[in-house]
Amino acid sequence: MNRKRVVVACGTGIATSTVVAEKVAEACRREGIDVDIIQCKATEVATHAPGASLVVATTTIATPVSVPVINAIGFLTGVGEEELSRRIIEALKD
Amino acid sequence: MRLAVLELELEADSADAVINRLAEGMAERGFVRPGYGAAVRERERVSPTGLPARGAGVAIPHADPEFVLVPAIGFAKLTRPVFFGEMGNPEAAVPVQLVFMLAIRDSEGQLDALRRLIQFIQDDERLNMLKRARDKDAALAVLRNVFGKFE
């Protein structure tokens, strides 16, 4: 499988996106998916999205992007976390 | 980390009212600049922080570090939940009973507080202990457990 790129975004690109990036990396490792994770602010998503397979975010992304966007707050609350990991993995499979 | 304000059984009818109350307490005690409350309310409108955890609605309102003089948190437990916008989904509203207002300057401190809060809100036992805390000592015991020792 090709190496995938995932953009992980939050308001500041510092706090919640770090927690989410770790969860995405862990889920991909379990599934044997090679992934590059780019962590950024929500306002920078449009710059990083081209070439990515997926955007995973804890805030709304105001600018339209051409790749799927998945809301990741389940990684913060723990509610629906497995389902969320599964959706991310599905979106990254060829 | 310091605990700047601890409000138990706070009566409030909106998220803005809770934010104002905590921000005023934190400003009076010199932890934040006077504009902090307005900045938090504005940020909440753009990027809401309500988290619908399994055991309770929790919000973690905060603002830019420029308003922070001494890193601290303000905590409020509400008698009746108020609605905060849901993080990542501003059209949804979360009934929130526990509010952790974060006044933190550096990104390392922000991430550390967030990690501690995430562990806490996924831990039904500690969450229930804080929800049921009747007095300051009981609430403080849980908050110390969450954030480590307060200075």
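Two strands count as paired when DSSP finds at least two bridges between them. With that rule, B:Ile73 stands opposite B:Leu102 in β5(B).

## Model and confidence

This is a predicted model. It scores ipTM 0.91 and pTM 0.94. Chain B averages a pLDDT of 96, and 100% of its residues score at least 70.

## The sheet of chain A

Four strands of chain A build an open sheet. Their order is β2-β1-β3-β4, and the pairing is parallel. The edges are β2 (35–41) and β4 (69–71) of chain A; each has a single partner strand, so one side of each lacks a neighbour in the sheet. From one strand to the next, the twist averages 25 degrees.

Strand β1 of chain A covers residues 4–10 and pairs with β2(A) over seven bridges, in the parallel sense. Two facing pairs can be picked out. A:Val8 stands opposite A:Gln39, and A:Ala9 stands opposite A:Cys40. Helix α4 (residues 81–92) of chain A packs on this sheet. It touches β1, β3 (54–57) and β4 of chain A, and its direction makes about 160 degrees with that of β3(A).

Is β1(A) largely enclosed or left open? Five of its seven residues are buried, so the rest of the structure largely encloses β1(A).

## Strands of chain B

In chain B, β1(B) pairs with β4(B) in the parallel sense over six bridges. Here B:Leu6 stands opposite B:Phe75 in β4(B). On β4(B) there is also an antiparallel pairing, with eleven bridges joining it to β5(B). B:Ile73 and B:Leu102 face each other in this pairing.

β4(B) and β5(B) form a hairpin with two residues between the strands. In that hairpin, B:Gly88 takes a positive phi near 80 degrees.

## Helix α1 of chain B

Helix α1 of chain B runs over residues 15–28. Just after α1(B), B:Gly30 adopts a positive phi of about 80 degrees.

The buried residues of α1(B) are B:Ala15, B:Val18, B:Ile19, B:Arg21, B:Leu22, B:Ala23, B:Met26 and B:Ala27. An α-helix has 3.6 residues a turn, so residues three or four places apart point the same way. The buried residues of α1(B) pack against β1 (2–10), α2 (36–46), β4 (72–86) and β5 of chain B.

## A closer look at B:Met26

B:Met26 sits in helix α1 of chain B. Why does B:Met26 count as buried? The cut-off is 20 or more other C-beta atoms within 10 Å; B:Met26 has 27, so it is buried.

Leaving out residues up to four places away in sequence, B:Met26 touches B:Ala4, B:Val5, B:Phe31, B:Val32, B:Tyr36, B:Ala72, B:Gly74 and B:Ala103. B:Gly37 lies eleven residues from B:Met26 in sequence. In space, the two are 9.3 Å apart, C-alpha to C-alpha.

## Where the chains meet

How many residues does each chain bring to the contact? Chain B gives 17 residues and chain A gives 16 residues. On the chain B side, β2 (50–52), β5 (89–103) and α3 (107–121) each supply at least two residues. The largest share, seven residues, comes from α3(B). By type, the chain B side divides into nine nonpolar, six polar and two charged residues.

Note on methods: Residues are numbered from 1 along each chain as its sequence is written. Chains are lettered from A and ligands numbered from 1 in the order in which they are written. This is a predicted model: local features need pLDDT of at least 70, side-chain atom pairs count only at pLDDT 80 or more; totals for chains, interfaces and linings use all residues. pLDDT is the predictor's confidence in each residue, from 0 to 100. Axes are lines fitted to C-alpha atoms, for helices over the stretch in contact, and angles run from 0 to 180 degrees between N-to-C directions. Two residues are in contact if their C-beta atoms, placed from the backbone, lie within 7 Å. Ala, Val, Leu, Ile, Met, Phe, Trp, Tyr, Cys and Pro count as nonpolar, Asp, Glu, Lys and Arg as charged, and the others, Gly among them, as polar. The expected span of a helix is 1.5 Å times one less than its number of residues. A residue is buried if 20 or more other C-beta atoms lie within 10 Å of its own, exposed if 12 or fewer, and partly exposed in between; C-beta atoms are placed from the backbone.
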